[in-house]
Amino acid sequence: MSDVDVTGLSSEPGLKRADRVRLLAQPLAVLVVVGAVLVWAFARETDEIEAESIQAGVLLTKTWEHLLITVVVTAIVVGVAVPLGAMLTRRWAKPVAPVFLGIANIGQAAPALGVLVLFFLWTGWEGLWAAALPIAFYSLLPVLRNTIVGIQSVDPSLVDAARGIGMSPRSVLLRVEMPLALPMVLAGIRTSLVLAVGTATLAFFVNGGGLGELVDTGYKLNRPAVLVVGAVLAVGLALVVDWLGALAEQLLGPKGLG
Amino acid sequence: MTSDSTDSAVSGVEIQLEGVTKRYPGSAEPAVKDVTMTIPAGQIVVLVGPSGCGKTTTMRMINRLIEPTSGRITIGGEDALELDDVRLRRKIGYAIQQAGLFPHFTVAQNIAVVPGLLGWDKKRIAERVDELMDLVGLDASQFRDRYPRQLSGGQQQRVGVARALAADPPVLLMDEPFGAVDPITRGNLQDELLRLQADLGKTIVFVTHDFDEAVKLGDRIAVLGEASTIQQYDTPEAILANPANDMVAGFVGAGASLKQLTLLRVRDVDYPDLALTADVGESPSELRARLARAGDTYALLVDRRRRPQRWVHVRNLSAATSLANIGRPVGDTVSTQSTLQDALEAILAEGGRAVVTGTRGEYVGMIDIETVTGVLAQLREEHESAGDAGDAGDGVDGDGTDAADGDGHGGDAGRAGVARGDAARDGAGRADGGVDGDAGAAADSGAGTS
Amino acid sequence: MTLFDYIADRWDRLALQSWLHVSEVVQSTLLAAVLGVLIGVAVYRSPVGSAVATGLASTILTIPSFALLGLLIPVFGLGPTPAVVALVLYALLPITRNTIVGLAGVDPAVTDAAKGIGMGRLAVLTRVELRLAWPAILAGMRVATQMLMGIAVIAAYAKGPGLGGEVFSGLTRAGSANATNQALAGTLGVVVLALLLEGVYFFIARFTVSRGIRG
């Protein structure tokens, strides 16, 4: 049972029964809960402090910031981990592969908040990039590992056939190995997405904005309504992003498999 | 097209291996040791040997999936080791066990890979794909857009062969391509390969550990021992008749005489046209009258293209208003290209006699157990009359060669060799002379059997 | 001041925080293990129940930990309670999922044999099925522990105990002399403790998994 990964999130491709239930129930639950909380928040009597946060403009800005961090992180993760993972499966890279995997493992094992804060203290940066870079480092492992495992688990006889009929090493990678590893890679990206959207709630600690800021405001100023709205929006966004990831897994995977 | 010369059909080129050796770092003994052999143009050469003997390694050095440590390999006179390895492989067809089809590509995409790599234009590729699917007996309109997992094992192998042939390479390497399918499908695929080869005349290097397959397919067989050392390299007839040493004899096995049945094909023997055939449209009463006149009890129902459908007994006819849907389906059939061994199996399965079909799957006659035993008896007779005159020799051409079987039960390798040789030529001739419907008919039967 | 000087200087406080961090995580894991195994036992025979339980647990995991923590503050106030509740919730998924997988993976022939020799339903469960599923359950606990080590840092935001406090005070004192040392000590401390716990799990597995089923 050691194949359960350290995030606890499922990194395995495929649609199991539980996943199917979630695929249907998740967006519905989000719609109902977020809708109800928003209706409640806007309908109730708000004082001045609450009114400053609970207004459409602020909520949209924070959600947008949150989403932006998630997208930037995912772009960095995919842009770095997929090529890196593919490279590490080449025969000449075998000796260095454990080094990179080790670094990614440490990145994942370290507490996300610690990585975020240390990056801030070392660089003095603030804002989007100060949040996105350490979160990307933290979320790198699932994609890196799944890319490597995905390519390694391609049937060797297919690689042999591809080489045997005259594909160049590059073609073998791009036309045979990568497409066949795609389900694993997509599963890894989904896991990374979930890590990214969750960790993005911490971005406000380095002035990166995001929905975590509403939680913080509500807590610091003792306004539970603001806190609840921020938290529920963050939860809703995370579930929607996860759902989109699941959908992407279904739609983008290569045909003819499974 | 005339076919009195075999060269007319040859499109393959000669392959020469000279002192080819493969030594892996860290192991004392070479995996392949000093192999020198000539693979003649347009022939099927089977490398056969126990697993781990290095036969696959030897084959993979020809397209340089494995680089030889030393030695020389020429293909059609060109030094293979001088060429760019990727370009070299595009000129060599490659088919492996379980076909190695890319599961994320459709059948058409799989076949189109090499033409695509060679930069053919789309239209030419599409035409070639259809042509090849036709050639290997798959209906293009039906199978073109399917994915490999939607095909049976036999169909996948056909696609694998089509892919290997896609760019019309002079040389084909086949590594146990039929190893993973059931015996009946395997027999069909072997028959089809021989049919294709009669048309195409490629140089085929075929690796297998199944000696029966080697005997059936090979123009020549190389029996390999440890480190791929050649124990015997000769025609199947010669190897069956005169195993060079104990190792080869052990590989040939005990049933050498029965194996000779694989060297004879149904079209080489006289099979009688025993069955009374009837079109499905014929009225039952009319058929009953015809059966009575012929003194027969069974009739074979055929479709419009005279392909056998069902057996009808005379007593089914009295109650029937139409011939549609009565009788029992015809089971295993044999084609004129089937070996006598396959025919024997079908005869036993069918209870004494089996339907023989022609190249388009049409009824041409019946073969029964007496026919086969008659052939065996004839072989033995010829063998005895030939006496000990043939001093075994090297048995390459096998004419009048004394068979090496001591049990007096088997046939004469030489006779079989001649018959088989004729058959091959004959096959090439027939295929050439046939109308273009030939491949189409094969396509039908192919889709049906797998 | 170097990191080592800092650690030496504050050793007492760091040791206490480390102890609290580990104790919080371990207690939460144990609580989640009890709940997770109970849930697993309750649902593993029903495909629908299994799907709902794992689906729900996966959904909880998707929830950002900071958001969940925020939601728990109005309910439970500050301190260890919201931290432990959040940690237990997060630990549930890996443990429940592995319990279900482990129990479902027990060879039916084995349970059949157990019944055949006269074991009652409870005896079959406790003496056969759970024993065979134990490696999977333990693996789930190990994964949960590793995850909680990081989440517990965030729980310090709600004044939860542990090394998270170091990270947070490093953040709030950004610019001052020891800010980086503090954050580094907290972060590295968590990594080191996580590795130690990993080792502990290795030994637990060694001594509790029947040698007959050890990989």
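Select chain A to begin: read along its sequence, the pattern is α-α-α-α-α-α-α-α-α-α. That is 10 helices and 0 strands, where helices (H or I, at least four residues) and strands (E, at least two) are DSSP runs numbered from the N terminus. The model is a predicted one, in which local features need pLDDT of at least 70, side-chain atom pairs count only at pLDDT 80 or more, and totals for chains, interfaces and linings use all residues. Residues are numbered from 1 along each chain as its sequence is written, while chains are lettered from A and ligands numbered from 1 in the order in which they are written.

**Chain A as a whole**

Keep chain A selected. Its C-alpha atoms fill a box of roughly 75 × 45 × 35 Å, taken along the principal axes. Of its 258 residues, 53% are buried. A residue is buried if 20 or more other C-beta atoms lie within 10 Å of its own, exposed if 12 or fewer, and partly exposed in between, with C-beta atoms placed from the backbone. Two residues are in contact if their C-beta atoms, placed from the backbone, lie within 7 Å. Among the contacts in chain A with a separation of 6 or more, 78% join residues 24 or more positions apart.

**Helices 7 and 8 of chain A**

Next, select residues 156-164 and 169-199 of chain A, which are helix 7 and helix 8. Two packed helices are described by the angle between their axes and the distance between the axes. Here the angle is about 140° and the axes are 10 Å apart. Axes are lines fitted to C-alpha atoms, for helices over the stretch in contact, and angles run from 0 to 180 degrees between N-to-C directions. Helix 7 and helix 8 of chain A are therefore oblique to each other; angles under 35 degrees count as roughly parallel, over 145 as roughly antiparallel, 65 to 115 as roughly perpendicular and the rest as oblique. To see where they meet, show A:Leu158, A:Val159, A:Ala162 and A:Arg163 in helix 7, against A:Val172, A:Val176 and A:Glu177 in helix 8.

**From chain A to its partners**

The contact takes 17 residues from chain A and 20 residues from chain B. On the chain A side, helix 7 and helix 8 are the elements that give two or more residues, and helix 7 has the largest share, 6 residues.

**A buried alanine in chain C**

Select C:Ala91, in helix 5 (residues 80-104) of chain C. C:Ala91 counts as buried because it has 31 C-beta neighbours inside 10 Å. Leaving aside neighbours within four places in sequence, C:Ala91 is in contact with C:Ser28, C:Thr29, C:Ala32, C:Ala144 and C:Leu148. A distance to check is that between the C-alpha atoms of C:Ala91 and C:Gly140, which are 49 residues apart along the chain and separated by 8.5 Å.

**Chain B, with care**

Finish on helix 6 (residues 153-165) of chain B. Of its 13 residues, 12 are buried, so helix 6 of chain B is largely enclosed by the rest of the structure. The mean for chain B is 78, and 80% of its residues reach 70 or more. Over residues 1-8 of chain B the pLDDT is below 50, and over residues 386-450 of chain B pLDDT stays under 50. Where pLDDT is low, the predicted coordinates should not be read in detail.

Conventions
pLDDT is the predictor's confidence in each residue, from 0 to 100. The expected span of a helix is 1.5 Å times one less than its number of residues.
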